[in-house]
Amino acid sequence: MKFLPISLLILALATATALAYDPSPLQDICVATNDLESGVFVNGKFCKDPKQATADDFVFTGLRNPGNTSNPLGSKVTQAFVQQFPGLNTLGISMARIDFAPGGLNPPHTHPRGTELLVVVEGTLLVGFVTSDQLNNTLFTKVLYKGDVFVFPIGLIHFQLNIGNTYALAFSGLSSQNPGLITIANAVFGAKAPISADVLTKAFQLDKKVVDHLEAQFWYDNN
């Protein structure tokens, strides 16, 4: 009987381990159920019969027009995720249009399931992201001009601010059909139900009156 060289066995085991992983989640939660009648979600969206697909399934016109920036943030994000653009299902990519009034802000937020690549089409933007504690929460920031491109790594807190005196426009590509969005202020101070004030006063080193004030605000969502 011939035996495989030990190096080939190690390589086979390493390859099997490398390929044995769960697919990335495409929604926030997915609780298992044995009730097939009530099971309505999979990791992503159900697929249409390919024979019934048409060219219209693969076009999205929702990014043509400027978004309404008349809001407290002075910005508007128009998403082209799988929820708005079904043709993206299973393709691992999506887009967004971001309109900015002068001084408009796309506030600190994260995309838990996608890296973002942003290109400036008009205006001047101050952008940045903050690393995890592995790199001491380091801020990487840059002023971008028309035609400049910046990448925000998956899961890291990032922002864009229009520092010009005119309207600004950017487009983003994201590496997931459903990258998710967590706007930091909204999630922390606008959670439903509210996070305990005891938690927030300790975490942010704030007086309880300040926390109560922040939790009482209307946290605008520019998406």
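**Notebook: loop, sheet, cores and rings**

I started at T124. Leaving aside neighbours within four places in sequence, T124 is in contact (heavy atoms within 4.5 Å) with V143, L144, Y145, L161, N162, I163, G164 and A168. The model is predicted: local features need pLDDT of at least 70, side-chain atom pairs need pLDDT 80 or more, and totals for chains, interfaces and linings use all residues. I number residues from 1 along each chain as its sequence is written, and side-chain values use heavy atoms, without hydrogens or water.

I placed T124 next. T124 sits in the loop between β4 and β5. I then checked I163, which is 39 residues away along the chain. The C-alpha atoms of T124 and I163 are 6.1 Å apart.

**Sheet**

I traced the strands (DSSP E runs of at least two residues, numbered from the N terminus). I picked out D99, whose bridge partner in β9 is L169.

**Cores**

I listed the nonpolar cores (buried Ala, Val, Leu, Ile, Met, Phe, Trp, Tyr and Cys joined through side-chain atoms within 4.5 Å). Buried is under 20% relative accessible area, exposed is over 50% and partly exposed lies in between (1.4 Å probe, protein chains only). The largest core has 15 residues. Which residues have the most contacts inside it? I found F100, L118, L125, V127, L144, F150 and F152. Strands β2, β4 (116–122), β5, β7 and β9 each supply at least two residues of this core. I also found a second, separate core of six residues, including F189, A197, L200 and L214.

Beyond four places in sequence, F100 touches T69, G74, S75, L105, N106, L125, Q160, N162, Y167, A168 and A170.

**N106**

I moved on to N106, in strand β3 (residues 105–110). Is N106 buried or exposed? Its relative accessible area is 5%, so N106 is buried. I checked its polar contacts (N or O atoms within 3.5 Å, one able to donate a hydrogen and the other to accept it; sequence-adjacent residues count only through side-chain atoms on both sides). The N106 side chain reaches that of Q160 at 2.7 Å. The side chain of N222 lies 3.1 Å from that of N106. With residues up to four places away left out, N106 touches S75, V77, I98, F100, F159, Q160 and N222.

**Rings**

I counted five aromatic pairs (Phe, Tyr or six-membered Trp ring centres within 6.5 Å; planes under 30 degrees stacked, over 60 edge-to-face, the rest tilted). F129 and F140 have ring centres 5.2 Å apart and planes at 20 degrees, so I logged the pair as stacked. F129 belongs to β5 (residues 125–130) and F140 to β6 (residues 139–144), so the pair ties together parts eleven residues apart in sequence. F129 is buried at 11% relative accessible area. F140 is partly exposed at 40%.

I logged F150 and F152 as a tilted pair, 5.0 Å centre to centre with 55 degrees between the planes. F150 is buried at 14% relative accessibility, and F152 is buried at 1%.

Technical notes:
Helix = DSSP H or I, 4+ residues; strand = E, 2+ residues; numbered from the N terminus. Pairing = 2+ DSSP bridges.
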